[in-house]
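Have a look at the picture first, and then we can walk through it together.

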Amino acid sequence: MIISATNVTKSFGATKVLDGVCIQINNKEKYAVCGSNGTGKSTLLKIIIGEMTPDDGEVIIAKDIKIGYLAQYNNDDDNDTILNSVINSRTDLLKMEARLHELEQDMSEESDILEHDELIREFEADGGLIFRSQAKSILNGLGFNDNELDKSLDMLSGGEKTRVGLAKLLIDNNDLLILDEPTNHLDMNAIIWLEDYLNGLNIPLIIVAHDRYFLDKVVDNVLDLNTNPARTYKGNYSSFIRQKEEILLTNEREVSKQAREIEHQKEVITKLQSFNREKSIKRAESRIKALDKMDTVDKISDNTTDIKLSFNVSKRSGDDVLSVDELACIYDDGKIFENVTFNLKRLDRVAILGDNGTGKSTILKMITGLKDITKGTVKLGSNVIIGYYDQAQMNLTDDNTIFDEVHNMYPDMNNTDIRNALAALGFYNDDVNKLIKSLSGGEKGRVSLCKLILSNANLLILDEPTNHLDMESKEILEDALKCYEGTLLFVSHDRYFVNQVATKVLELTDNGVNEYLGNYDYYIEKKDTVVGKYTFTSSEKSKADKSSKDDWVKQKELSAKKGKLERELKSIEKEIEELEIKKSLQIRQMQLIQRSLMNCQLRRQR
């Protein structure tokens, strides 16, 4: 047992945030703490590390456990560089290193040799030979390139400093990691790297995160704070969702069944009592006692919202919805993308994926007419009505109230219908009178979603629709889009969302787009081994002979093999570097021993 929290309760004023929460974490277990906003996820983490005191209950931590907590790093010395800041966080190794140098200067006593031998073994075991190269590797993985490592901390944004703090946490020699939103400020490549890194650690983890795909890859237990009492589930996030649905459904059936049974028994008792005979009255009394002794099945209290969204279509589009041919975005100082060609059929659900800065949002804006097309064509099919969701919420007016924002777009809609639509997205009563400029990012996102829902569009174009949404809101949106009877084209970094919604993935590359007929998991499975359904840049190229296509396939295969060999070479070079450092230390140690022996011989001769 590493940590045991029992009946942890915490209130802020009249609001009870945690109520009798229990969790026990054993060696190597990786826990996610999940729940709606306000259910006390971060509060529980702070109680575990001792930053907060519970009103009731206790937390027991195993003896001599070193806990690493993401929020504890705040980069005090802003004059330090990124790399030095991470290296200097290993004060234990730096102190050992300094002591080793002291001993190497003067090893006149036998006790010095013994201390040196013991210290160098400890130094090696704690990673002293590799922690400098490890610091660089971790920073690279978290998105800092080699040219940035000498940058001063005072030049960094808040998000960049958080990434440096995470690097310090990962390089430290912790027995338990507690991570509160570790994927914030990380791009997709850095998140994938972090998944692999955490999966390679043999220590327990406690994680709060809104990235459900990340949780699927990393955790093997989930603590759900939405139910009362809080409940622990074995498995990753997707397994937790399935198990919870089954438990809630079973509980609902059991509660309903028992309610029917109680009602039936009451009716029988009333009938027996109406006979007014001694035998019947005794039977009634017996049933009353049995009812009193019955173990009541309590309905599980669940904070999860029961909001349901529905995207309606006012008019059916033609089967050919959208045709994009040789689309390009080229500026005087270079291109963002070119040769983008693809088609959408009715009911397609298509995700556009690609690295940051490759122009995914620009493609959506060209399709919607919000940005001029510099090259190529965009053609809409018959009866296509576009509904557009902008991640920057540029379609909202700051000085409008929530109600006016929706009413101004749909002036013919009556007030009751508008209020009902807003209530479905969590805006009740006086909430609708809040000004747009006073809303959080998530609230603005929900207002934009409301406008989109009411548009009755048959082609939805969504730019990062899950940004600022909590887990519940994301899942509500996913359920609505799965039932949508129109066509969907979207850009998203939310891999879980893409996995749940997309039936086709377009990967934006330097040469156009690669097409994968499946969800995100299928795309990941096939992208490094299969070319996919490649869309050529023109009708003439699409009719090119088979040999040219085979050459292209071979180039992709060779590129993949080259990348694999380069990774293997890098790993071997790192291993050689570590062995050379180790060899150098051992040679120096032998020299010191020889010098010490010579000193001893000289003293004896005297």
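Predicted model: local features only at pLDDT ≥ 70, side-chain atom pairs only at ≥ 80, totals over all residues.

Two strands are said to pair if DSSP finds at least two bridges between them.

**The chain as a whole**

The protein chain has 606 residues, and buried residues make up 44% of them. Its secondary structure comes to 19 helices and 21 strands. Among contacts in the chain with a separation of 6 or more, 68% are between residues 24 or more positions apart. The chain exposes about 32400 Å², and carbon and sulfur atoms supply 46% of that area.

**A sheet of six strands**

Now find the open sheet whose six strands run in the order E5-E6-E7-E3-E8-E10, with mixed pairing. At its edges are strand E5 (67–69) and strand E10 (231–234), each of which pairs on one side only. From one strand to the next, the twist averages 15°.

In which sense do strands E3 and E8 pair? Strand E3 (residues 30–34) and strand E8 (residues 221–224) are parallel, and four bridges link them. Within this pair, Ala-32 of the chain stands opposite Val-222 in E8.

**The nonpolar core**

In soluble globular proteins, nonpolar side chains tend to be buried together. Here, the largest nonpolar core has 99 residues, and Leu-198, Ile-207 and Leu-215 touch the most other members. Which residues does Ile-207 contact, leaving aside its neighbours within four places in sequence? Its partners include Tyr-31, Ala-32 and Val-33, along with Leu-179, Pro-182 and Leu-198. Phe-214, Leu-215, Val-218 and Val-219 are also in contact with Ile-207.

**Buried or exposed?**

A residue counts as buried under 20% relative accessible area and as exposed over 50%, with partly exposed in between. The table lists some residues to look up in the picture.

| Residue | Relative accessible area | Class |
|---|---|---|
| Cys-22 | 37% | partly exposed |
| Ser-36 | 10% | buried |
| Asp-196 | 55% | exposed |
| Asn-276 | 62% | exposed |
| Cys-329 | 1% | buried |
| Asn-339 | 17% | buried |

Ser-36 sits in the loop between E3 and helix H1 (41–48). Apart from its neighbours within four places in sequence, Ser-36 is in contact with Lys-41, Asn-226, Asn-303 and Glu-472.

Asp-196 belongs to helix H7 (residues 188–199). Although Asp-196 and Lys-217 are 21 residues apart along the chain, their C-alpha atoms are separated by 8.6 Å.

How many disulfides does the structure hold? The count is zero.

**Backbone details**

Most residues other than glycine have a negative phi, and most peptide bonds are trans. Some places in this chain are worth a look with that in mind.

A cis peptide bond joins Asn-228 and Pro-229, with omega at about 5°. Pro-229 is in the loop between strand E9 (227–228) and E10.

Asn-276 has a positive phi of about 55°, although it is not a glycine. You will find Asn-276 in the loop between helix H9 (237–275) and helix H10 (278–293). Asn-339 also has a positive phi, near 60°, but this residue is in strand E13 (residues 334–345).

Conventions:
Residues numbered from 1 in each chain as written. Heavy atoms only, no water. Core = buried A, V, L, I, M, F, W, Y, C linked by side-chain atoms within 4.5 Å. Buried < 20%, exposed > 50% of the residue type's maximum accessible area, 1.4 Å probe, protein only. Contact = heavy atoms within 4.5 Å. Helix = DSSP H or I, 4+ residues; strand = E, 2+ residues; numbered from the N terminus. Axes fitted to C-alpha atoms, helices over the stretch in contact; angles between N-to-C directions. Areas by Shrake-Rupley, 256 points an atom, 1.4 Å probe, with all protein chains shown as cover. Disulfide = S-S within 2.5 Å.
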